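The sequence and the structure come next.

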Amino acid sequence: MLPPPPSEVRNTSLSPSRLVYYCTDMDTKRVTSTVDVTVAIPFPRRPAVPGGVKISASSFPLVSSDALWTWTIKLEVTEGKPNSYRLKVLCSASDRNKIVTGRSRPSAETIIPWGGYIEYWYPKNTKRFTLSTVGRALDMPYEVFTQEYPYNTYDGYPVEATFKIDLRLTSMQKVKPQPEPAFSGVCLLTKSLDSLLESGLMSDVKLCTDGQEIPAHCCILAARSEFFKVKFKPEWDGIGNALVDVSDVSVPTLKEMLRYIYTGSLGKNVDMTKLLIAADQYLVTDLCNEVKERLKYSLESNSSTAPSVCCNLLKTSATNNSPSLRRVVLQYLQAHREQIMKSKEWEEFQIGNRQVAAEAVLDMYNLRD
């Protein structure tokens with residue numbers, strides 16, 4: 001299981017050319033909230049006028065197991081054909097503690113991935129209805145199903161409806177900083193390594209890009225990167241104060257990668273796409289895993305812009321030969337292929353990038369966990 005991101009994703013900007021996270025110093029963790037219950041929900045009162053269009057409704061709230069979210073099941077009933085009624089079931093999610101939305105931002109503007117299934121236990125006719133896990137607006141009712149049912153011969157209009165409900169929602173939640181005292185070993189080690197990186201004290205290698213030389217330490221780079229572990233083997237000549245060309249990485253991206261290598265944390269304004277490409281190239285496995293998780297969450301949370309972002313990231317991964325970036329996109333494409341492949345963005349992408357699109361579709365169908 002991957003470690004949770006060390007900083008809170010406060011705002012995510014998704015555009016066809018750039019994927020940036022703005023982070024605070026607060027720790028966060030990825031939380032999956034669930035509700036898995038069987039409930040009897042009171043039926044709405046029967047519409048007053050048979051054959052009319054008046055709607056009768058009732059709602060039933062369900063709190064997630066961690067008490068962070070509430071799902072509301074709403075039943076709407078109208079008169080249907082003679083001796084029958086039409087039942088519509090809707091479901092919405094809301095943030096109980098306003099952790100994600102905040103007071104200044106309307107809930108409807110916040111997109112959170114959730115889904116699951118709801119079973120309706122109608123006598124002798126149980127049916128399961130699936131809600132695919134995609135980004136959905138908070139407090140927005142989503143239709144689960146609409147069905148027409150005859151009045152029961154013996155009991156007439158039903159008093160309640162029984163449902164088996166299994167729903168899941170994934171979010172990034174604030175957590176209090178680790179209760180480590182300021183003098184703890186881990187805290188002191190992180191601060192010392194950060195200071196060592198900033199000062200360049202006792203550095204024995206310099207990473208060169210864009211006309212700048214950034215001092216670093218062979219032993220730390222080798223411990224965190226398979227690329228540098230091989231690069232700095234004893235048999236390699238000229239280790240002391242060596243110059244290593246990393247001109248394929250920009251200075252800001254290199255500094256961010258070094259920060260993670262030394263301290264295991266990311267800054268407040270990070271270009272995740274460039275960082276994942278660099279981590280892929282220099283085989284910084286932990287950083288690859290960290291960024292992939294964040295990109296996955298970002299795509300799920302911004303489904304409206306995901307088609308254009310996916311198309312751009314496919315081109316970027318092909319141009320820069322980044323298997324990790326490509327896999328993130330292919331996994332999202334596999335899970336949401338109907339949404340992506342029916343989009344205008346994908347249609348335009350296929351016209352201008354026929355080979356990349358064809359290879360992506362083929363690899364998507366051959367993708368394994």
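The model is predicted: local features need pLDDT of at least 70, side-chain atom pairs count only at pLDDT 80 or more, and totals for chains, interfaces and linings use all residues. Residues are numbered from 1 along each chain as its sequence is written, and side-chain values use heavy atoms, with hydrogens and water left out.

K164 lies in strand β10; strands (E, at least two residues) and helices (H or I, at least four) are DSSP runs, numbered from the N terminus. Beyond its neighbours within four places in sequence, K164 is in contact with D36, V37, T38, Y117, I118, E119 and W121, where contact means heavy atoms within 4.5 Å. The table gives two polar contacts of its side chain. A polar contact is a pair of N or O atoms within 3.5 Å; within protein, one must be able to donate a hydrogen and the other to accept it, and residues adjacent in sequence count only if both atoms are side-chain atoms.

| Side chain | Partner side chain | Distance |
|---|---|---|
| K164 | D36 | 2.6 Å |
| K164 | Y117 | 3.5 Å |

Y151 sits in the loop between β9 (142–150) and β10 (160–175). Its relative accessibility is 15%, so Y151 also counts as buried. The C-alpha atoms of Y151 and S84 are 5.3 Å apart, although 67 residues separate the two along the chain.

## Helices

Helix α5 (residues 272–281) is largely enclosed by the rest of the structure, because 8 of its 10 residues are buried. These are M272, T273, L275, L276, I277, A278, A279 and D280. At the start of α5, a side-chain oxygen of D271 comes to within 3.2 Å of the backbone nitrogen of T273. L283, which follows α5, has a positive phi, near 55°.

The axes of α1 (residues 185–199) and α4 (residues 251–263) come within 9 Å and cross at roughly 145°. T190, L193, D194 and L197 of α1 meet L258, R259, Y262 and T263 of α4 in this contact.

## Confidence

The chain has a mean pLDDT of 79, and 79% of its residues reach 70 or more; pLDDT is the predictor's confidence in each residue, from 0 to 100. Over residues 1–26 pLDDT stays under 50, and the model has 82 contacts beyond four places in sequence for them. Residues 100–108 also stay under 50, with 15 such contacts. Where pLDDT is low, the predicted coordinates should not be read in detail.

Key
Buried means under 20% relative accessible area, exposed over 50%, partly exposed in between (1.4 Å probe, protein chains only). Axes are lines fitted to C-alpha atoms, for helices over the stretch in contact, and angles run from 0 to 180 degrees between N-to-C directions.
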